[in-house]
Amino acid sequence: MVVYESEESMRRNPADTGRFEKSWNALKNAGIEVGRFMCASPEDLPEGEAAEIVAAKGMDSLPICLYQGVSIAVGEYPVDQDLADFLDAPDGT
């Protein structure tokens, strides 16, 4: 799982950002890695679905979460249930 975000996307919805930050840290502590990449411009995204979304909708479409190369969240961070389901996180994580 990979999340592409920007400083602006983090500021736009601080509650969502804070929730995801806590979840990301819990996953990391459980040994589950979720890649996070800060993007300042469309050129910072590698080729693929995230770059196509940003090309079509602009940087306001960040954050974008991809799981196995397919978007599961656009314009918001993935919800905790999706993180648990997609990443097989242990109960209580």
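**Briefing: packing, cysteines and selected residues**

Excluding neighbours up to four places away in sequence, G35 makes contact with M1, V2 and V3. The model is a predicted one.

**G35 and strand β2**

- G35 belongs to strand β2, which spans residues 35-38.
- With a relative accessibility of 23%, G35 is classed as partly exposed.
- Between G35 and N13 there are 22 residues of separation in sequence, and their C-alpha atoms are 20 Å apart in space.

**Helix α3**

- Helix α3 covers residues 49-57, and its buried residues are A50, I53 and V54.
- Viewed down the axis of α3, these buried residues fall within an arc of 95 degrees, so they line one face of the helix.
- Exposed residues E52, A55 and A56 are carried on the face of α3 that is turned away from the buried side.
- Three strands receive the buried residues of α3: β1 (2-5), β3 (64-67) and β4 (70-74) all pack against them.
- After α3 comes G58, which has a positive phi, near 90 degrees.

**Cysteines**

- C39 counts as buried, since its relative accessibility is 4%.
- C65 is also buried, at a relative accessible area of 1%.

**S9 and helix α1**

- S9 sits in helix α1, made up of residues 7-12.
- The relative accessible area of S9 is 3%, so this residue is buried, the limit for that class being under 20%.
- A polar atom of the S9 side chain lies 2.9 Å from the backbone oxygen of S6.
- Leaving aside residues up to four places away in sequence, S9 touches T17, L62, P63 and Y77.

Notes
Residues numbered from 1 in each chain as written. Predicted model: local features only at pLDDT ≥ 70, side-chain atom pairs only at ≥ 80, totals over all residues. Heavy atoms only, no water. Buried < 20%, exposed > 50% of the residue type's maximum accessible area, 1.4 Å probe, protein only. Helix = DSSP H or I, 4+ residues; strand = E, 2+ residues; numbered from the N terminus. Arc of directions from axis to C-beta. Contact = heavy atoms within 4.5 Å. Polar contact = N/O pair within 3.5 Å; in protein donor to acceptor, adjacent residues only side chain to side chain.
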